[in-house]
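The structure is shown first.

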Amino acid sequence: MQPQYGSALADFIEGTLGWRMWGRLGWLDIKRRYRRTMIGPFWTTLSLGIFILTLGIMWAHLWKQDATTYLPFLCSGFLVWVMVSTTLIEGCAVFFSAEGLIKQLRFPYSMLVWSVVWRNVIVFFHNLIVFLLVGLYAGVSVTWSTLLVVPGLLLLILNSLWMVILLGLICCRFRDIQQVMSSILQLSMFVTPIFWTTDQLGKRLISLVDYNFLFHVVDIVRSPLLGKAPSLWSWVFVGVVTFFGWIAALMVFSRFRRRISYWI
Amino acid sequence: MASLVVDNVTVDFPIYGSQKTFRHALFAKTTGGFIRREGDNNERVSVRALENISFNLSHGDRLGMIGHNGAGKSTLLRVCSGVYEPTQGTVKIDGKVSPLFSTSPGLDGDDSGYENIQTCGMFLGMTPEEIVQKTPEIEEFSELGDYLSLPVRTYSTGMLVRLGFGIATCIDPEILLLDEGLGAGDARFAERANKRVDALVERASILVLASHSDALIKAMCNKAILLQGGRIIAQGSVDDVIKEYHQLNQSVA
């Protein structure tokens, strides 16, 4: 199949400019999920808060760590992790769950990609309340490095986009990949320093962290939240992956975009 | 000026049954050297839905597509809308396409009538401002009154049809693609619905209508094609094509 770089790019640009549509879709998705509940999307916030508080206090005690350092660390890392992993799992279904629309209308498919990413960004900001409370309690310092949360988040979003495009396309054709992804992500949560810190790991397994994309992509948001600057290596690593990831996504997208309506 | 050029279009649908999964594709690669697959056809099953379709429409053309179930009418409409990019051949669309295959793309039962007017309207290509402008018209046509503030899952089927129809027919199409399924409801509604469809068609520069009904095609179109098994077997004036269609029916019967 001939790649159509032009139409793939046009799709992405058009889709991005259609922010009013995907913005609306993202909001509506959240609204629908919590319709007729009292506290709406804050249900995730609440259950996340309880989870982090219980686990944080428990593990700080077990590992003999200071709760005021461990809790904010766990909380910030877990919040970002939830955003990344939910985006990826929902991203697998991005195209085939929109079968009704794709078979009725011609529209830029990237709009669907944006709406998945946007929806999870909204949820992230709801959940951020938990971190603000934990941070207040634990006295997390706000420094100049805190500002790095903005480029960190932007870079994370940029990565979410290419990953969702790629996963969405692959899963559209091979439905097993969604299951594979959720297993991989479940495992990765324990292999990536979310619940434990890099210091606890020791030298032997350090490459588990150094070459772990998920660690770096979480850390460029987590560290600024904790008032620290992420390491230069994290920026470089994420930057390089962003570049090659986008190239891969665009290559696959330009080749198979027009097959999506046949595959679903 | 709007135009629609379909040139030598062929559409094959891949059929993914057992070989759909990742496992098979993976095994096909890894075990390829040991277990031979019997040629391309055994690996890929596909159905030819359209074959060598060509036509050329410009401003003022109203094309009726007639044919039996499974003749390829809906697929051809979807090719014209850009939903399916043809396997071979090209489709050149010049102008805004409004496909009306279902009256309410993106309709969600839990959203209120007003929210659905917004969402469906945007999917049909209107800007939020245009939708606000058209909302009174939809309110009036659908006669739903205060129900529009309630979730649409509380509507009766008839109410839902009225809402969907009201939204779908308020667009200003250039190239209008219609599937005959549009329109239902009680007798009074049917009459009003027909009027609205007529007005909608009037506004369109090009119309492509798929239907089983020769009466509908006679009333609305000035050109026609007869499809069978994914091929055009007759093309030309409405009367001639309908005559062919009747002959086809007789030969089958």
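## Domains and their contact

Chain B is assigned two domains, with domain 1 covering 3–95 + 211–252 and domain 2 covering 100–204; such bounds come from an automatic or database domain assignment. To their contact, domain 1 of chain B gives 12 residues and domain 2 of chain B gives seven residues, where contact requires C-beta atoms, placed from the backbone, within 7 Å.

On the side of domain 1 of chain B that touches domain 2 of chain B, α3 (73–81) and α8 (214–220) of chain B each supply at least two residues. The largest share of that side, four residues, is from α3(B). Helices (H or I, at least four residues) and strands (E, at least two) are DSSP runs numbered from the N terminus.

## Sheet

In chain B, six strands form an open sheet with mixed pairing, in the order β5-β6-β7-β3-β8-β9; pairing requires at least two DSSP bridges between two strands. Because β5 (97–100) and β9 (231–236) of chain B are at the edges with a single partner strand each, one side of each has no neighbour in the sheet.

β5(B) pairs with β6 (residues 175–179) of chain B in the parallel sense over four bridges. In β6(B), Leu178(B) is the bridge partner of Leu100(B).

## Basis of the model

The model is predicted: local features need pLDDT of at least 70, side-chain atom pairs count only at pLDDT 80 or more, and totals for chains, interfaces and linings use all residues. Residues are numbered from 1 along each chain as its sequence is written, while chains are lettered from A and ligands numbered from 1 in the order in which they are written.

Definitions and conventions
Contact = placed C-beta atoms within 7 Å.
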